[in-house]
Amino acid sequence: MTYVSHLNALLKDVVGRSSRLVAYGQNVVTGSCLSGLTRGLIAGPDSLVFNTPNAENALVGLGFGVMLRGHSAIYFMKQQDFLLLGFDHLVNTWNVARGRENLGSFSVVTIVVDSGYEGPQSCLNNFSDFCSMAHLPGYAITNAHDAGEVIGRHLVAPGCRIIGVSQRLFSTEIIAPEGAVAMDPAGDVIRYAEGPDATIVAFNFSFPEAWSLHRLMGERGRRASLFSVPAVLPVRWDALLADVRRSGRLLVLDDGKSENRTSDRFLLEVLRLGVPVRIAEARRHFSPNDLAPNPDRLTADWESLIDAVFALDGLD
Amino acid sequence: MTRDPHIIAEEVLRVRIGQLLVNEILKRRELKVPVHLALGHEAIAVAVSEVMGPGDRLCLTHRNIHYNLARAQSFAPEVAELRLSPEGIGGGRLGSMNMANPGRGILYTSSILANDLCVATGVALGGRLEGGPAGATFVVTGDGAMEEGAFYETLELAKSLDLPVVVVVENNGWSLASRIHERRCPIAVEGLAAAFAVPFASLRGNDAIAYVHTLERLRARAIGERTPVIVEAHVSTLGDWRGEPTPAEPEGRVINYHHGAAATVTLGDVMLEGWPVIREDATDPVHVLTTRVDEKTLRAAAWRLLSAMTGEIA
């Protein structure tokens, strides 16, 4: 099953059984339905699903209004950069609303244009900037299990959040990790494999690369822990730090282009551990040249990355 | 519905006296929060409050004291909120520019220009999901806030979704220290309403009783026809003064104090005259009451209200 088909099925299920919910956005029930993301959404009891005009600022405010009245709203957005037009509400309206009693739910589900070919004014893979300025929870969906957790826990729940999905992954086969899964109580940090030799942590939409890296490491006889961090603003790092402390080797992947990355905050916590940790990273470094249309893949010499954390062992 | 003019008049007096009392507190510099008084705006606030039904909601701006006072059932929690006290209407967490009172229908208040307009569409849409008796969502904005793109977006969205939103544009001619002609071209609100096929009414004269009748009719249209409506209420923010004469303005520039105390308005002075009129013309909603209600009755009510409200916050 493709990534977008899997998400569509989960969304249809939640929307269809939620009462007093409005699900809306530009082209959500016509045309390609956001490339299939919202195709076939059916409103539940006392609920509405509808197309809207192009009025992003008002549409974000609309969602907050529904939430303030105690009901649920989901705003589907074709490109996350459109959300820049609604930033006043994400910051100012949320700052007033967040302390309220009897708050309904408001989720902005945005497609993060991380494929690069749209050009300098549409590609915006800076999810953590949105969440940081607004102190607003955000969740990046990269695999089948994460999708179930994020949509199941957060799509309709008191308060507001942004749920980001990756355009680059839309037509790819969705990764469905098998085996034991562990996560923190909030579901912010999810462990898909446990191994003594290294800790691999994927931020933003880099889980597919982390998944491949984990497999490559296995082929080289190394057993690593593999973590996904769907939360853009995780509160607790305990599980990750315990694993890093144990393994002493850390590989960090983050395809986000923010100057305020979640992985930066995590690395700071690792340094605060005060224990020797060999760190290798595959992350972005801004260049204006990258704004021209391009594949925009998170690339690295993955073999060298592994070498970097094991080099002094002399085992490989 | 038949409305008792005496009750409406008394409400106008209550909102005026409440502001005068807050003004005295401001002059003593006892508040840390910036209060935007609305002396002269009482008629529209009382009229909105008067016509609101149980299912109606109200969204406000940073200049909200007149609506909060009109909707409040007691004065003390309003003042306590301005003092950031836990006994305040918002527990001391909202202060002045975001003061709301959900229990009395004021669901949301924003200090950001035109922000509340967008939120009001969602409040109205949320009401549709409830399936109970239909209500309207009132949202207040100003001649400055309507310059924002959000005003246009809100009209478009509210009309597209058939939402019963009553948009009240308080036009006092000012945005901070700039008059309309000093900052922009004229905007014909009626023409803008026509572009969206939205009913429109202009309110002039500060007659709260007349305003109630007009708003009642517009509210019924909004609900019955499932449409937004626009009401442009022309108001004068009273308590301004003139600066030093200049060659360009020999009489001195009018200082619209925007927020803080109305230094030229003194409770003792106006009440010495017997009741709280600031300007004896049609720009003052309290003065206009004399065309509707016997002045002796108004004076008695004013003294009674002053005594009660002073006692509440003593």
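Predicted model: local features only at pLDDT ≥ 70, side-chain atom pairs only at ≥ 80, totals over all residues.
How many salt bridges are counted between chain B and chain A? The count is one. B:Glu130 pairs with A:Arg69 in a salt bridge, and their closest N and O atoms lie 3.0 Å apart.

I turn now to the helices. Helix H2 of chain A, residues 56-68, meets H5(B), with axes that come within 6 Å and cross at roughly 45°. H2(A) and H5(B) are therefore oblique to each other, and their crossing is right-handed. On the H2(A) side the contact is made by A:Asn57, A:Ala58, A:Gly61, A:Leu62, A:Gly65, A:Val66 and A:Leu68; H5(B) contributes residues including B:Cys118, B:Thr121, B:Gly122 and B:Gly126. By class, this contact of H2(A) with H5(B) comprises eight nonpolar, six polar and no charged residues.

Within chain B, helix H5, residues 115-130, also packs with helix H6, residues 149-160: the axes come within 8 Å and cross at roughly 15°. An angle under 35 degrees counts as roughly parallel, so H5(B) and H6(B) are described in that way. Their crossing is left-handed. B:Leu117, B:Cys118 and B:Thr121 of H5(B) make the contact with B:Ala150, B:Phe151, B:Thr154, B:Leu157 and B:Ala158 of H6(B). Six of these residues are nonpolar, two are polar and none is charged.

How values were computed
Residues numbered from 1 in each chain as written. Chains lettered and ligands numbered in written order. Heavy atoms only, no water. Axes fitted to C-alpha atoms, helices over the stretch in contact; angles between N-to-C directions. Helix = DSSP H or I, 4+ residues; strand = E, 2+ residues; numbered from the N terminus. Parallel < 35°, antiparallel > 145°, perpendicular 65-115°, else oblique. Left-handed = near helix turned anticlockwise from the far one by under 90°. Contact = heavy atoms within 4.5 Å. Nonpolar A, V, L, I, M, F, W, Y, C, P; charged D, E, K, R; others polar. Salt bridge = Lys/Arg side-chain N within 4 Å of Asp/Glu carboxyl O.
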